[in-house]
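Let's walk through this one together, a question at a time. Have the viewer open and follow along.

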Amino acid sequence: MFNYFNMFYIIANWKMNKTQDEAIDFFTKINSLNCFKSSLCKILISPPIIHLSAVEQYIGKVGLVAQNISCKESGAYTGETSINMLSSKVSHILIGHSERRKYFHETSLQLLEKLQLCIKKKIIPIFCFGEKLIHRDSNVFLSYIKDQLSETIFSFDKHEISNMILAYEPVWAIGTGKNANAAQIKEVHDFVREILIKKIGHSSALKIPILYGGSCNSNNAQTILKVDNVNGLLVGGASLDFDHFRKIIEIADDLS
Ligand code: PGA
C-alpha cells in the first residue's frame, strides 16, 4: 500500500449528540482498549464543546478536538466560544464543516479568520472541504474544491499550511449512508495532493494528512483507508456507537 507517512488519523465527530454521562462512558471505554498496537494510528474525538471539561481527565490514549470556534477572539458575541477558551483543552479544531457552512452560513472569509486564530494559537485546524451533488453531477467538482482551498488555506505560507490537516467531505456523502467510492476518493485526494505540491513544494505537501469523511463505517473503512493519499477518516454517525467505532480503530490499527 502506498501511503505518504503510513499513519492514519481516525477522528470521531459527534456533532450535537451525547449527554455528558454518555460522553464520559465512551471515553472510559476507549481508554481501556488494547487494540492500539500501532503508535501510527492517531485517535481524536470531537465531542460537543460543553463536554470538553468533563472528558478532559479521561483523554489518555485519544486527543480532543473542538467542533467549532468563533471567528472573533473575544467580545460581545452572545453564544459564541472563543479559541482562547478552548486552547488549553483541545489540540485540534474542525473548521469549515459543511454543516457549519450550510446551517450557519459560514463564508470563506469567516473560515479564513478562524484559520488565522488557529495558526496564532498554535492549534491544528482540520479544514473540511467538498463539493455538493450539483457540482459532481455537472462535473465541476474539482474546480469547486480548488476554489474552496484557494479562498482559505492558500492564504497561508508553506510552514503554516504544512501544520494543517485537510478533510475531504463530499456534502452528498455526509450522513446519507452513501459514501464516495474508492475511485471518486482517489481522484479528489490525488488532485488535492497535486495542488499542494505545486503550491508549497513536495516535501511540505507530503506532510499534510488528507482525511476522507462522509458515511464512513466499519464496512467501508478498510477499502477507503487503502486508497492512495488517504491518511485517515473523519467519522460522524458511525462514531457514536462505541463498538462500531472500535471496529474502525482496529481496522486502521491493522493497516498502519
Ligand atoms: P457521517 O458524517 O460519517 O455521519 O457521514 C461525517 C462528518 O460530517 O464529518
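Predicted model: local features only at pLDDT ≥ 70, side-chain atom pairs only at ≥ 80, totals over all residues.

Q: Which residues place a backbone N or O atom 2.8 Å and 2.9 Å from an oxygen atom of the ligand?
A: Here the backbone supplies the partner atoms. At 2.9 Å from a ligand oxygen there is a backbone N or O atom of G237. The 2.8 Å distance belongs to a backbone N or O atom of G236.

Q: How much of the ligand's accessible area does the protein cover?
A: On its own, the ligand has 280 Å² of accessible area. Of that, the protein covers 95%.

Q: How many charged residues does the shell around the ligand have?
A: There are 13 residues around the ligand, and K15, H97, E169, G175 and S215 come nearest. By class, the shell has four nonpolar and seven polar residues. The charged residues number two.

Q: Is α7 parallel, perpendicular or oblique to α9?
A: Helix α7 covers residues 141–150 and helix α9 residues 182–200. Their axes come within 11 Å and cross at roughly 45°. α7 passes α9 in a right-handed crossing. The angle of roughly 45° therefore makes α7, relative to α9, oblique.

Terms used:
Residues numbered from 1 in each chain as written. Heavy atoms only, no water. Near = heavy atom within 4 Å. Polar contact = N/O pair within 3.5 Å; in protein donor to acceptor, adjacent residues only side chain to side chain. Areas by Shrake-Rupley, 256 points an atom, 1.4 Å probe, with all protein chains shown as cover. Nonpolar A, V, L, I, M, F, W, Y, C, P; charged D, E, K, R; others polar. Axes fitted to C-alpha atoms, helices over the stretch in contact; angles between N-to-C directions. Helix = DSSP H or I, 4+ residues; strand = E, 2+ residues; numbered from the N terminus. Parallel < 35°, antiparallel > 145°, perpendicular 65-115°, else oblique. Left-handed = near helix turned anticlockwise from the far one by under 90°.
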